[in-house]
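Hello,

I am handing over the structure below. My notes on its aromatic rings and nonpolar cores follow.

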Amino acid sequence: MRFLRLQTATAAEDALLAITKPLSKETIPLDQACGRILADTITASEDIPGFDRSVKDGYAVRSTDTLGASEQKPKTLTLTGKILMGQNNSGFLDEKTAKYIPTGGVMPEGADAVIMQENTELAGDLVIIKGPVNPGADVLAKDEDFAKGQTVFLAGTKLTAQAAGVLAALGIDPVSVSRKPKIGIISTGNELVAPAAELHIGQIRDANSTLLQHFVTEAGGVPTFYGIIPDIAETLQSMLATAVAECDAVIISGGSSKDERDVTAKVIAELGTIHVHGISIAPGKPTIIGSIHQKPVIGLPGHPASTYMIATAFARPMMAKMTGEQFNDRIVSAKLAMSFPSEKGREDLIRIKILPDGRAEPVLGKSGLLNTLIHSNGYIRVPAGLDGHEAGETVEVHLWQ
């Protein structure tokens, strides 16, 4: 099966996303939600912290009672009590009085500021104020963190440690998240053996399946490896049918090429539909995008660098659409440390190393080389209309996720 028609990288991604469907949501305990994607927009159901509270150890005061206070002419306030932590026993604060308040304590009615202990002296039941405080000083208002009805997180937010802490403060436990995408992985090739196998001449260890499993895990999915399949259409067809039935999408490594040897394209076409067979991109020109039973199937070239870069460029956005994740590439701008050529008429993905001085150095090497992946921090996309870049030009580096 020959290339049907080379498509641009943008058209290929659009085709893949068009056949990608959002996954269902599930409710899980908050303490198990790290890294998951919020399925629903979160709004505050109450004010947080919910009461005016002190953010320092000191004295709750009326700020007007401290006006004009200085080291030379201090003001004195009568100490009328002590506010306890975790209790709503603050009461009311009369003029020219003060109450001791710990960090987190409930502000008494009538008080509008806290003066730190360091700026006072205590003489019996008198608090000597050595400087003025402004209204609101060292006080957290009852709705200053989050106000009731405020949108806190949009659906599609990835739950970090910080976000989980906010959800806990809002009392949201359990939490509704998108189901993790289950991604089937199949390696094809008569020359492949398992990573632990002893090599013989002509054989290579299957690095791609391990690479893809970790890639899927890092992207928030659940990888399922279906093994190494020889380049036999009937064997691949049986395994692919099983993988499609059990997974949300399938990635096949090693079977795509541009000619009649492309067993992967033949099998996908027999079981479903091929939407893209060939992308004007390097590395990854023979990439296949198909669907079987309305589930995406991606056929990747066998070289490890090509596999990782095409997975980054296409499988990552696919998984983001499945979960609704608000996914954006991590991009930094940098000046090129050297010039390099690029072939017009195709988009080139060039691996990049960020040097200590912040410049971007191309990591040039053949697509079969693994070392280019560990020696690079990301890649740049050279548009099809350019024939390269010159040293000193500013480029956008897409960092590895």
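Rings of Phe, Tyr and Trp (its six-membered ring) count as a pair if their centres lie within 6.5 Å; planes under 30 degrees apart are stacked, over 60 edge-to-face, and the rest tilted. This is a predicted model, in which local features need pLDDT of at least 70 and side-chain atom pairs pLDDT 80 or more, while totals for chains, interfaces and linings use all residues. Residues are numbered from 1 along each chain as its sequence is written, and side-chain values use heavy atoms, without hydrogens and water.

Aromatic rings

Phe215, Tyr308, Tyr379 and Trp400 form one aromatic cluster. Within it, the ring centres of Phe215 and Tyr308 are 5.8 Å apart and the planes are at 85°, so this pair is edge-to-face. Phe215 belongs to helix H3 (residues 207-218) and Tyr308 to helix H6 (residues 304-323), 93 residues apart; helices are DSSP runs of H or I, at least four residues, strands are E runs of at least two, and both are numbered from the N terminus. Both Phe215 and Tyr308 are buried, meaning under 20% relative accessible area with a 1.4 Å probe, protein chains only (exposed is over 50%, partly exposed in between).

The whole structure has four aromatic pairs. Another one joins Tyr59 and Tyr100: with centres 5.9 Å apart and planes at 80°, it is edge-to-face.

Nonpolar cores

A nonpolar core is a set of buried Ala, Val, Leu, Ile, Met, Phe, Trp, Tyr and Cys residues joined through side-chain atoms within 4.5 Å. The largest has 36 residues, and Ile183 and Phe314 are among those touching the most other members. H6 gives the largest share of this core, 11 residues. A second, separate core holds 19 residues, including Ala233 and Ile292.

Regards
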